[in-house]
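Dear colleague,

I am handing over the structure we spoke of, and my notes on it follow below. Please read them alongside the coordinates.

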Amino acid sequence: MSNQAAAIDHLLGSTRVMPVVVIDDAEKAVPLAEALLEGGISAIEITLRTDAALDAVRRIKGSLPNMVVGTGTVLSPTHLKQSLDAGAVFAVSPGLTPRLAEAAIRLIDDIPLLPGTAGASDVMAAMEYGFERLKFFPAEAAGGLPMIKSLASPLQAAKFCPTGGISEKTAPDYLAQANVFCVGGSWLTPKAAIADGDWAEITRIAKAAAAI
């Protein structure tokens with residue numbers, strides 16, 4: 001097992017479903033995370049798609065030590081360093097470039113990266129850098145379950161967190177695969193519920209997801 005795989009397993013080994021969150025208002029970050037925790041979800045990926053993202057990470061990290069906080073949409077070494085400085089303990093990228101891979105290797109003890117892959121060549125390239133825990137993205141568009149199944153035999157060291165188009169209905173089928181350790185999805189944190197501060201709805205969805 002690679003160092004990266006060991007680090008990700010340590011952080012996310014008990015995580016089966018991980019919310020992928022786009023947050024516009026950092027003040028809603030802590031109550032959102034509290035609602036997820038109440039529903040049994042203890043890891044969260046805050047995507048770096050808004051100006052509020054890094055502040056949201058800082059707030060959750062400072063208020064809720066039981067929540068495993070990571071960043072998503074990490075596209076560069078700068079994003080990786082910003083994530084670490086904000087308090088994130090893991091990072092997720094939609095793909096992998098040599099510059100990002102090299103930066104992630106240097107920071108692996110502080111903030112392990114879960115890089116995105118979409119096919120066998122991507123997986124092989126990532127594994128050459130020592131990445132054995134991978135994001136499969138965009139899951140449904142990149143072949144979905146048939147692709148995940150086809151990667152299992154030739155690339156046995158690789159295990160995936162599929163993300164992209166996955167729903168509460170399809171998540172169990174992915175989680176039934178031996179080479180899938182978790183799934184990520186935005187369905188756990190609907191934009192309307194976040195905007196309305198409907199934390200009871202977030203908790204309800206989280207409970208259903210945690211029960212998968």
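**Findings**

A search of the whole structure turns up 0 disulfides, a disulfide being a pair of cysteine sulfur atoms within 2.5 Å. This is a predicted model, in which local features need pLDDT of at least 70 and side-chain atom pairs count only at pLDDT 80 or more, while totals for chains, interfaces and linings use all residues. Residues are numbered from 1 along each chain as its sequence is written, and side-chain values use heavy atoms, with hydrogens and water left out.

C161 is buried (under 20% relative accessible area, with a 1.4 Å probe and protein chains only), at a relative accessible area of 2%, and C182 is buried at 0%.

The count of aromatic pairs comes to 1, where rings of Phe, Tyr and Trp (its six-membered ring) pair if their centres lie within 6.5 Å, and planes under 30 degrees apart count as stacked, over 60 as edge-to-face and the rest as tilted. The ring centres of F136 and F160 are 6.3 Å apart and their planes stand at 70°, so this pair is edge-to-face. Because F136 belongs to strand β7 (residues 133-136) and F160 to strand β8 (residues 159-162), the pair ties together parts that are 24 residues apart in sequence; strands here are DSSP runs of E, at least two residues, numbered from the N terminus. Both F136 and F160 are buried.

Finally, the charged end of K135 sits over the ring of F137, 4.4 Å from its centre, the rule being that NZ of Lys or CZ of Arg is within 6 Å of the ring centre and within 35 degrees of the ring normal.

Definitions and conventions: Helix = DSSP H or I, 4+ residues; strand = E, 2+ residues; numbered from the N terminus. Buried < 20%, exposed > 50% of the residue type's maximum accessible area, 1.4 Å probe, protein only.
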